[in-house]
Amino acid sequence: MTNEQLIKEICLFFFFSLLDEEKAFDAAQRAWFQYQDLRKKLPGTKESVLVIQATGRVWNELNPKLQRWRPYLTKDAGWAWPAQLNMGPWMEFQKRSTADELMTTIWCYIMGYSESDVATGLGLSEGTLRFRLSHSIKKIGALV
Amino acid sequence: MSREENEKPQSYSKWNKREMSSFVAQELLYDYMKGFLDESRRNAVESDLSENPITKKKHQQMMKGFAYLEKLRSVEVQPFLIEQIDEPSTYLSVLLKKSQFEKWPQSLKWGIEAFVVLMGIALFLIVTPWDKAIRLVILPQNQQVILAEVQKDPRSNNSVSLSDIEKNEKPQFSDDKKDGKGEAATEVVVASNEKPAALPPTPQPSTEKNVPAAKPVPIAAATGAATGASADPKKQPEISAADKKTPSGGFLFRGQFNVTNVEMIAPKLKEKIIALGGRKAGEVEIGWKKSDTTYYYHFTIPEAKFEELNEYFKTYEDPHMVKEKHPRVMPDGILRLILTVEEKRK
């Protein structure tokens, strides 16, 4: 994958996880620099795994301070979505879900990463990953 | 064991059947939808789906969830955002983001910017060496202030007026050893006639009848006096007025008084002058006998003794010392005097 694609995926992850464009920009920048450091330290590792690890580190730093009930989306900061797309259910899900459910859902079903890569990146078993994903899907389905 | 017992499948269930509960079926819905279940479990979930409305409802919810997540994939990232993230952030950009500078009121932003500009201007004004800049820019290098040098030699070319006076006038006296003629450097001609005229007591020209009210140019006065013997002896050029054309800052005191029996008094005056620290200032000695009735005193004296000397003179007669400008500059604290003592006419 090119650098632009990797940066795009990192940006999308923090956009959906933080729902705050300013914080998402800062977090994406920090995660990108983390990724570059990890790439130097772990040269043989898969790019997707490194991206997940870098974003996971930054997310763990931000999560305790994150105020999930205050989304800040303006469409001017660099993220764009169709007008008919309703962000309400996702905002509600982001507020109610656990950090693990949020991360796994974003990586697997929004970014399209394989469950094995996500499990490796997060340091989980696939069974645990599927358990969290099933709960996430059920929650989102109930909110839609 | 009989063969029939061996052919019967081993049953772990008390009631000889094994059925999947709805709870388990609901928990396995995700794996079922993903196709991770084996045949028996898949059949069990499907049977529960067809029979249990709750399981069916949850299945539908999960379908909606998958569909919604699929829609969320339409969110895009603008290229400029990718470029911004790729470039390194500076300290200033981080500071502005942390302080949320963009959200500050406009008036506050303008105030801060104006303050920064004023501080820059003030710093520039303080740091810049303005005196050196002015010297370099405003004053050209070739412009220099030259102090005029006053020369004692009367034949010097510093003053045109002095040389003209020397050429044209016939001084009554001087300090020259040869002919004992008078001051050549003075720009004032006392008189063209041989007899020295009485100096006006005050510098006010209106007090004297024959003293012209105007302040004549020294050259004109000198030439006028020199050309004539026809010059009116009664006319006395104004002496005490400061000659603005005098180039130097020097001066001298000129006085004149009449005494009875000048031959007796002249040596006493000389002794007193010398006792007070007087030194001859010209070529002739102090108390030079100019004529039978006139004695000439040209000397320097310490300024501190001047008053005492003046008081001594007043015991005979007030000499009416007049201060005149002269190109010859004396050292600080030293005064130069020219005094003329004459026999009082009866």
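Tutor: Gladly; we will take the labels one at a time and set each value beside its rule.

Tutor: This is a predicted model, in which local features need pLDDT of at least 70 and side-chain atom pairs count only at pLDDT 80 or more, while totals for chains, interfaces and linings use all residues. Residues are numbered from 1 along each chain as its sequence is written, chains are lettered from A and ligands numbered from 1 in the order in which they are written, and side-chain values use heavy atoms, with hydrogens and water left out.

Student: How many helices and strands are there in chain A?

Tutor: Chain A has seven helices and one strand. The order from the N terminus is α-α-α-β-α-α-α-α. Helices here are DSSP runs of H or I with at least four residues, and strands are runs of E with at least two, numbered from the N terminus.

Student: Why are α5(A) and α7(A) called roughly perpendicular?

Tutor: The axes of α5 (residues 99–110) and α7 (residues 126–143) of chain A come within 9 Å and cross at roughly 90 degrees. Those axes are lines fitted to C-alpha atoms over the stretch in contact, with angles from 0 to 180 degrees between N-to-C directions. Angles under 35 degrees count as roughly parallel, over 145 as roughly antiparallel, 65 to 115 as roughly perpendicular and the rest as oblique. The pair α5(A) and α7(A) is therefore roughly perpendicular.

Student: Which residues meet between α5(A) and α7(A)?

Tutor: Contact means heavy atoms within 4.5 Å. Among those that meet are T104(A), T105(A) and C108(A) from α5(A), and L133(A), S136(A) and I140(A) from α7(A). The residues of this contact divide into six nonpolar, four polar and four charged. For that division, Ala, Val, Leu, Ile, Met, Phe, Trp, Tyr, Cys and Pro are nonpolar, Asp, Glu, Lys and Arg are charged, and the others, Gly among them, are polar.

Student: What makes T105(A) buried?

Tutor: Buried means under 20% relative accessible area, exposed over 50%, and partly exposed in between (1.4 Å probe, protein chains only). T105(A) has a relative accessible area of 0%, so the label is buried. Leaving aside residues up to four places away in sequence, T105(A) touches residues including W90(A), F93(A) and L69(B). Over chain A, 51% of the 144 residues count as buried.

Student: What is the label for E271(B) by that rule?

Tutor: E271(B), found in helix α12 (residues 262–275) of chain B, has 55% relative accessibility and therefore counts as exposed.

Student: Where do E126(A) and R130(A) lie?

Tutor: Both lie in helix α7 of chain A, four residues apart, about one turn of the helix. E126(A) is partly exposed at 34%, as is R130(A) at 23%.

Student: How many salt bridges does the rule find across the interface of chain A and chain B?

Tutor: It finds two. The side chains of E27(B) and K138(A) meet in a salt bridge at 4.0 Å, N to O.

Student: What is the area buried between chain A and chain B?

Tutor: It is about 3500 Å², with carbon and sulfur atoms giving 65%. Buried area is the accessible area (1.4 Å probe) that two parts lose on being put together, summed over both. In chain A, F25(A), Y109(A) and K138(A) lose the most area to chain B, together 18% of what that side buries. The contact takes 44 residues from chain A and 33 residues from chain B.
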